[in-house]
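Trainee: Could you zoom in on one part of this model and talk me through what packs against what there?

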Amino acid sequence: MHESKLALFAVCQHNPGANDEDISGNALINVASFVMEFLLESQTTCGDDIEHELAKLHTGCLHFLGVVFDSLFARKADISAEPQIELEANSRHTFLDGLMKTFDMTTSIVFNGAIEGHSEQRVSASMRTSIFNAMVIYSQSCTTEDRRLALFASELLPALLKWVNEGSIDDDIRHPLCVAAALQVVYTILAKLASFDWVSTLCNEMRREPVLLAHCDWLQ
């Protein structure tokens, strides 16, 4: 347990200053896979020393996700010529590739309720809520001057709002806890940016889909 916390701490310290072209993408993805497996299996309740250590490792895992978000969108903010980073074929397995795949893995889990490659094993509502909470914490830590949060919003909010509106609340994909946590992400980002531009853009797109229009009107 102690070694896992130290390893996570070391990775979190390394990420911000890592070279994009370092051939360390697979190592980062392996760490991300460990984080997801731990969040999937762990139960963080108050109690004895083991549970206390689990709770601290759980916090470290969520901090790792926040560091990944920040590392990825700080790099995207630094690329002024290209609004989106496109990886070339020879860029696979680089550190930047690992950041992008970890972000994709994270959003896939919260939207689909399963870890890639483990589709038969459903992700609990509590795990997905924890990931949404990591997004909230990251959004709260951002400043608006360097465009990190705006880029994060541009990639996350359209898909997030569409996911919320695509079906009714249930006990699986749209569990009440997950929907509430997702809306907290939306509120935090919009409040931090002091802008509803992403919502307006999404609603304009949704107006082309009559089935979804009714779900969009409450956001206006």
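**Helix packing, up close**

Mentor: Along the sequence the pattern reads α-α-α-α-α-α-α-α-α. That gives 9 helices and 0 strands in the chain, both taken as DSSP runs numbered from the N terminus (helices H or I, at least four residues; strands E, at least two). Bear in mind that this is a predicted model, where local features need pLDDT of at least 70 and side-chain atom pairs count only at pLDDT 80 or more, while totals for chains, interfaces and linings use all residues. Residues are numbered from 1 along each chain as its sequence is written, and side-chain values use heavy atoms, leaving out hydrogens and water.

Take contacts (heavy atoms within 4.5 Å) between residues at least 6 apart in sequence: 70% of them join residues at least 24 apart.

Now zoom in on Thr129, which sits in helix α5, residues 125-141. Thr129 counts as buried because its relative accessibility is 15%. Its side chain reaches the backbone oxygen of Ala125 at 2.8 Å, against a polar-contact limit of 3.5 Å between N or O atoms, one able to donate a hydrogen and the other to accept it. Leaving aside residues up to four places away in sequence, Thr129 touches Leu177, Cys178 and Ala181.

Leu177, Cys178 and Ala181 fall within α7, residues 176-193. The axes of α7 and α6 (residues 148-165) come within 10 Å and cross at roughly 145°; axes are lines fitted to C-alpha atoms over the stretch in contact, with angles from 0 to 180 degrees between N-to-C directions. Cys178 turns up here again, among the α7 residues that meet α6, along with Val179, Ala182 and others. On the α6 side, the partners include Leu149, Phe152, Leu156 and Trp163. By class, that contact has 19 nonpolar, no polar and 1 charged residues.

Back on α5, its other neighbour to look at is α4, residues 95-112: they pack at about 130°, with axes 9 Å apart. α4 and α5 are therefore oblique to each other, the class left over after under 35 degrees (roughly parallel), over 145 (roughly antiparallel) and 65 to 115 (roughly perpendicular). Thr106, Thr107, Ile109 and Val110 in α4 meet Met127, Arg128, Ile131, Phe132 and Met135 in α5. Those residues divide into 6 nonpolar, 2 polar and 1 charged, with Ala, Val, Leu, Ile, Met, Phe, Trp, Tyr, Cys and Pro as nonpolar, Asp, Glu, Lys and Arg as charged, and the others, Gly among them, as polar.

Terms used: Buried < 20%, exposed > 50% of the residue type's maximum accessible area, 1.4 Å probe, protein only.
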